[in-house]
Amino acid sequence: MAEQDLAETVSQQPPEQPSLFSDAGDLGYGIGPVFDEMVTGTGTLRPHWQHFFAAHGPFTPEQMAARWAAARQRLFLNGVTFNSYRDPQGTERPWPLDPVPLLLSAPEWQAISAGLVQRATLTEKVLEDFYGPQTLLSDGIVPPSLLYADPGYLRACQGMDVPGGRRLALFAADLVRDGEGRWRVLTCRTEAPTGVGYALENRAVLSQTLADPFRACHVERLSPFFEALRAAIARAAPQHSGVDGHPRAVLLTPGPFNEAYFEHAYLARHLRMTLAEGADMVVRDQAVYLKTLAGLERVDVILHRVDDAFCDPLELRVDSALGVPGLLQAVRAGSVAVVNALGSGMAESMALLSHMPALSRHLLGEELLLPNVPTCWGGDPEQREALLAQLDRMVMRPAFSSLPGHVANGPDLDEVAREDLAARIRARPQDWAGQLPVAPSTAPLWRDGRVEPRPLVVRAFLCASGDGGWTVMPGGLVRISADARHAAVSLQEGAGSKDLWIVGAEPPGTIRRLIGAPPDGAREPSPVPGNLPSRAADHLFWVGRYAERAASAVRLLRGATLRLSDDSRPAAREELSPLLRLMGRATLIPQEIAQLPDSDAVRGMRQALEIAVDPANPGSLVATTGRLRRAMGSVRDRLPLDSRQILGRLDVLGARLAKADRAALAVLLGDFSQVLAAQTGLELDSMPRGAGWRFLVLGRRLERAIDAVERLQASGIAHERPDAATQEVLLELAEAGPAYRERFPVGVQREAALSLLLTDPEHPHSLLFQLETIRRQVSRLPSLPAFGAAGGADPLMRLADLVAQASYRVQDLALTRDMGLLSATLFQLGWALPDMSNLLSQAYFSHVRARAA
């Protein structure tokens, strides 16, 4: 396959494999005429660009800077990112959208579309033959090595019927315009074509940023294409599947570390599919099921973004942790469809590309309307001789997309290196292919306050239509080189992206919105309670826990910095010792610092603040924030849209916090507190009160309850009368100081403080408030499937009992004021609260059934 859609942290193809982000997009040496996508050969501005400039106005630095800033701001607000594999930490990078679109006229695009439809039709016929009768081999049209030497050819899929009858639901081709003005195919994408979601996001941003030119140019809309894609996915499902005739569709993603995870989440939302990882699904009785809170739900169609070979570890790559064991058996049984069909990735090979002209004549009786970039494959004797003869001009690539290897530019090589390459080609000729370099066309790129020409590659998309034909997206994804001297279009190397506008003579007609009626007259499915995937619920639960853990750490550190910097505060120095002990209990600092005597509290706190924000400390605020970011990133499609801004702010603050001195620390902690409070507000105000929200709340409340119990135990408040400094610190950390002063203006009394910290049902930080909230949310969780084993113990019932007993014990404290009962209650809660977390995981996330004791 040619799409590198996986992180290096899991078993997958090597990072040098071509993809949207890091691909063999080097088109050779030679840059076309300046702005030749904008002007004709005589230097005249093309008509569609004239309309654009008439509506846009002059490209003044001030105007373009404002447009560029607006586009970047919209991308930031929408959380559009890609993961950089070249960064050792896999950092999310802002999406590099250029504010100047690429314009093509409607007549020119119609000619391109005809060539694309022909190419997609031919590719599907070739795949159908390769995985079916293989007459192309028996008739000698292609050599057997083209098929059997390709690691992308999956023997396990040979002869396998495809539900829905189409092997390709989505097809993409990378196009370049050569020096003669002719569009050529550089490569095709058939396994899991990446970029369609980014193309939609590019359009969403630029259609608002350049609203006047967009309307004036009568740009073709993209929404009909996505309606057609949604219909194509639905048609691929087995007959009589789904709820009320509406199939259950899942988008299979490698996970949040994948370079294009934003697109996976974005597409799943727009196409109304469930975003899931391989571990979220299971095969039972030759059918695929999604693990949800309400149990297993049947899956009818899977749009996969995991490489073919990694989709089923039982029959394909045994080292894959990304797929669904038994998936191929379910496909053979006809109970589930996978689109594009498994094994389609072999159509991306350079070896097959070199044979496409002959295949078109044989299968279609036509010449290719869109010719290839001149390509030779070493496995064909005639082509091998041509390849070796022109080695000093060729751009050499792996013949098969799933083979490891690097691009080798013949013009770059000296004589010794060229002879070494020729020897390697002769040793294994079937592994090598070469393409003659082209002088690609250029388009304007806004860079450093001015517009410059850059070479480009257009990725065009097609989806299968109901009549057996194809629907072409009236647009696409343009990648543009970052270097005017070199035509590489790798986003990993700093290349940019453009929106492609197809300019019409007339305004586009009325279109249905993407959220309109379902395709083919199918009825909308009825809401299914509890159909949240278990993995998503797990991540949301830990979003709540990590967010509360980070907020608690911020309160501790803010209290410490305030006391170190404000000598006028009464008892500031005395309150440092209890703060150190609580920081140790929270694992922010090691115990040897937490237990320093009062006389060394100032020195110890200064040292503690450095350790508490050190990224190398696994218990530090920076480390906790990183865990929160990862958990939020895994369920970004289920959090409010503005949470993407929270993620961006956490990235920035975490980096600044790790380098901050003590003077800047207080300000940064204040910023942290505001960002975390903003996320809490979004959850309360913008999330529907479904199962996902309940698990998030349960995570927050369990973490706050655990934190409250540990603080009370560390303070020794149940065993001895603590000093005023300790009680002041406890009230401050529970954000109960103002409420306490309102009731008791003078002094601090242990019983009064405990009442507020433990048993006040109205105070949002009291222990009773947490337990009562947990009890309410547990009672509203989706019901669990019946237990199969006799004598099975229901974890949910056990959890409800634990919460109820804990709540009753705390309520008893409000009546008895018994310190012995308080000590016993805190001890019991010390193990019961973590047990609640384990029971939730056992019941809903792991689907493990505990047996009765």
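A salt bridge, as I use the term today, is a side-chain nitrogen of Lys or Arg within 4 Å of a carboxyl oxygen of Asp or Glu.

Some ground rules. This is a predicted model, so local features need pLDDT of at least 70 and side-chain atom pairs count only at pLDDT 80 or more, while totals for chains, interfaces and linings use all residues. Residues are numbered from 1 along each chain as its sequence is written, and side-chain values use heavy atoms, with hydrogens and water left out.

Now the overall picture. The protein chain has 27 helices and 21 strands; these are DSSP runs numbered from the N terminus, helices being H or I with at least four residues and strands E with at least two. Of its 853 residues, 58% count as buried, meaning under 20% relative accessible area with a 1.4 Å probe, protein chains only; exposed is over 50%, and partly exposed is in between.

Next, the interior. A nonpolar core here is a set of buried Ala, Val, Leu, Ile, Met, Phe, Trp, Tyr and Cys residues joined through side-chain atoms within 4.5 Å. The largest one holds 101 residues, and Phe695 is among those touching the most other members. Helix H14, residues 534–565, is the main contributor to this core, giving 15 residues. A second, separate core has 79 residues, including Leu147 and Cys188.

Back to Phe695. Leaving aside residues up to four places away in sequence, its contacts include Ala537, Leu540 and Phe541, a contact being heavy atoms within 4.5 Å.

Which helices does the opening pair, Glu703 and Arg545, link? Glu703 lies in helix H21 (residues 691–715) and Arg545 in helix H14, 158 residues apart. Both of these residues are buried. Glu548 and Arg700 form another salt bridge, at 3.8 Å from N to O. This pair also runs from helix H14, with Glu548, to helix H21, with Arg700. Glu548 and Arg700 belong to a network of salt bridges that also takes in Arg555, Glu683, Arg704 and Glu735.

Elsewhere, Arg248 pairs with Glu297, the closest N and O atoms being 2.5 Å apart. Arg248 sits in the loop between helix H8 (223–236) and strand S6 (249–252), and Glu297 in strand S10 (residues 295–298). The search of the whole structure finds 32 salt bridges.

Last, disulfides, defined as pairs of cysteine sulfur atoms within 2.5 Å. The count for the whole structure is zero.
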